[in-house]
Amino acid sequence: MQPQSLELSGIGKGFGADDVLKGIDLSIRPGEFLSLVGMSGCGKSTLLRIIAGLETPDRGSVSIGSSDVTDADPSDRNLAMVFQSYALYPHMTVRQNIATPLRMRRLSLAGRLPLIGRIAARADILREIDAAVTDAADVLQISHLLDRKPAQLSGGQRQRVALARALVRSPAAFLMDEPLSNLDAKLRAHMREELTGLHRRLGATFIYVTHDQIEAMTMSDRIALMSEGRIEQLGTPDELYQRPATLTVARFIGTPSINLMPVEITSAGRIAAFGREFGIEVSTNTTGPATLGIRAEDLHPVRNGLPARISRIETYGADRFVTCHLIDDQSVKIVMRQHAGDSADTAIDGMINLGFTESRTHLFGVDGKRLDISVREREAV
Ligand SMILES: Nc1ncnc2c1ncn2[C@@H]1O[C@H](COP(=O)(O)OP(=O)(O)O)[C@@H](O)[C@H]1O
Ligand SMILES: [Mg+2]
């Protein structure tokens, strides 16, 4: 099966008075791993269910390849949906679990043939299915588990059986709704690696729903970040991290979360806060309040920086995260990332002067939209 493109155009959906999807346009490329990411309740599952045909949009259209499937039954879309709860049949072996959906589908199609043809077709179909199951088990590295029952498998192995069951049908695309959220942290990290490996081997189109930005960042070719029924930004993980289009995106992407500082845009187009002017200039003629976003890795102690008091120091192997509160405004919490190996004259309740790399900051206007900045010669505060 050639990987297929998918096209969503002007998708709108409400439940009662609740407008859940407010006009979604999205082109998914053939063979791409695209994640729909956003906070719980933003409409990800509803959108995925509309793609699958399990939900009907109020407005807009869905196309797979060159065909409009907006009104097609789920079974005519040839999409494989992998859910968070991977309901396997407990009384069946792994082999039967993988084969059953395909077998039901194929035999029901063959059932439309005349009797003689039906018997001959049946033998062919069973042979084909057997071969398809063997291949799928091979791809997912569960060949040695084919004769076991689900109860004899680990969570990760069950997840792989569910994937094999989807794979065996050679779908036009795979749709996955939070498939890893029932697994423990270590297994989740392992399955992320398995899913990206599987995607690479299959070259199939994957649409992956998650509320976990780390999953989206580590696995996707592109991410569509959703908020309140809209796509805030569509781009590669790097683009979302390096150039968040809105404050919502900046807040959502990255661990630890981006630091946010209230600033003023002066009439001269400079950025100022706490009685200082930074070397950052705004190209638009906006003035007034704005928000400056600074990533933890872009902060460092400097002699003449913003004074702050340290409230917490966490060491994560290679990294050390130092949490402080600005003296000028105690409500502004800043997390600075350091290499744990760097000499640190930091201690809880100690003082520090914070500087940051101005060219790497992100400025957002009161409407939450990104504002372009430029930086004068001088690099740090
Ligand atoms: N069948 C439904 N009936 C009524 N409201 C629904 C239904 N499905 C989803 N919703 C509502 O739509 C919003 C988006 O839900 P959902 O798409 O499941 O979000 P997500 O998957 O991003 O967490 C939520 O407020 C949810 O309560
Ligand atoms: Mg959901």
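## Burial and overall dimensions

Of the 381 residues in the protein chain, 49% are buried, and these values come from a predicted model. The C-alpha trace of the chain spans about 90 × 45 × 35 Å along its principal axes, and its secondary structure amounts to 8 helices and 21 strands. Among the contacts in the chain with a separation of 6 or more, 65% are accounted for by residues 24 or more positions apart.

In soluble globular proteins, nonpolar side chains tend to be buried together. Here the largest nonpolar core has 38 residues, and the members with the most contacts inside it are I98, I142, L163, F174 and M176. At least two residues of this core are supplied by each of strand 6 (79–82), helix 2, helix 3, helix 4 (155–167), strand 7 (173–177), helix 5 (185–202) and strand 8 (205–210). Not counting residues up to four places away in sequence, L163 touches V82, L140, M176, M191, L195 and L198.

Another core lies apart from this one; it has 28 residues, including L21, L36, I50 and V209.

Two packed helices are described by the angle between their axes and the distance between the axes. For helix 2 (residues 94–110) and helix 3 (residues 115–139), the angle is about 150° and the axes are 10 Å apart, which means that helix 2 is roughly antiparallel to helix 3. Helix 2 passes helix 3 in a right-handed crossing. On the helix 2 side the contact is made by R95, I98, A99, L102, R103, R106, L107 and A110, while helix 3 contributes R118, A121, R122, I125, L126, E128, I129, A132 and V133. By residue class, this contact of helix 2 with helix 3 comprises 11 nonpolar and 6 charged residues, with no polar ones.

Helix 2 also packs with helix 4, at an angle of about 35° and with the axes 8 Å apart, and this crossing is likewise right-handed. The residues that make the contact are V94, N97, I98 and P101 of helix 2, together with V161, A164 and R165 of helix 4. They divide into 5 nonpolar, 1 polar and 1 charged.

## Helix 1

Helix 1 (residues 44–52) is largely enclosed by the rest of the structure, because 7 of its 9 residues are buried. The buried residues of helix 1 are K44, T46, L47, L48, I50, I51 and A52, and I50 is one of the residues of the 28-residue core. The residue that follows helix 1 is G53, whose phi is positive, near 90°.

L225 is found in strand 9 (residues 222–227), and it counts as buried because its relative accessibility is 1%, where the cut-off for burial is under 20%. Leaving aside neighbours within four places in sequence, L225 is in contact with V37, R230, I231, E232, Q233, L240, V249, F252 and I253. L225 and C324, which are 99 residues apart in sequence, are 29 Å apart in space from C-alpha to C-alpha.

Conventions:
Residues are numbered from 1 along each chain as its sequence is written. Chains are lettered from A and ligands numbered from 1 in the order in which they are written. This is a predicted model: local features need pLDDT of at least 70, side-chain atom pairs count only at pLDDT 80 or more; totals for chains, interfaces and linings use all residues. Side-chain values use heavy atoms; hydrogens and water are left out. Axes are lines fitted to C-alpha atoms, for helices over the stretch in contact, and angles run from 0 to 180 degrees between N-to-C directions. Helices (H or I, at least four residues) and strands (E, at least two) are DSSP runs, numbered from the N terminus. Angles under 35 degrees count as roughly parallel, over 145 as roughly antiparallel, 65 to 115 as roughly perpendicular and the rest as oblique. A crossing is left-handed if the near helix is turned anticlockwise from the far one by less than a right angle, and right-handed if clockwise. Contact means heavy atoms within 4.5 Å. Ala, Val, Leu, Ile, Met, Phe, Trp, Tyr, Cys and Pro count as nonpolar, Asp, Glu, Lys and Arg as charged, and the others, Gly among them, as polar. A nonpolar core is a set of buried Ala, Val, Leu, Ile, Met, Phe, Trp, Tyr and Cys residues joined through side-chain atoms within 4.5 Å. Buried means under 20% relative accessible area, exposed over 50%, partly exposed in between (1.4 Å probe, protein chains only).
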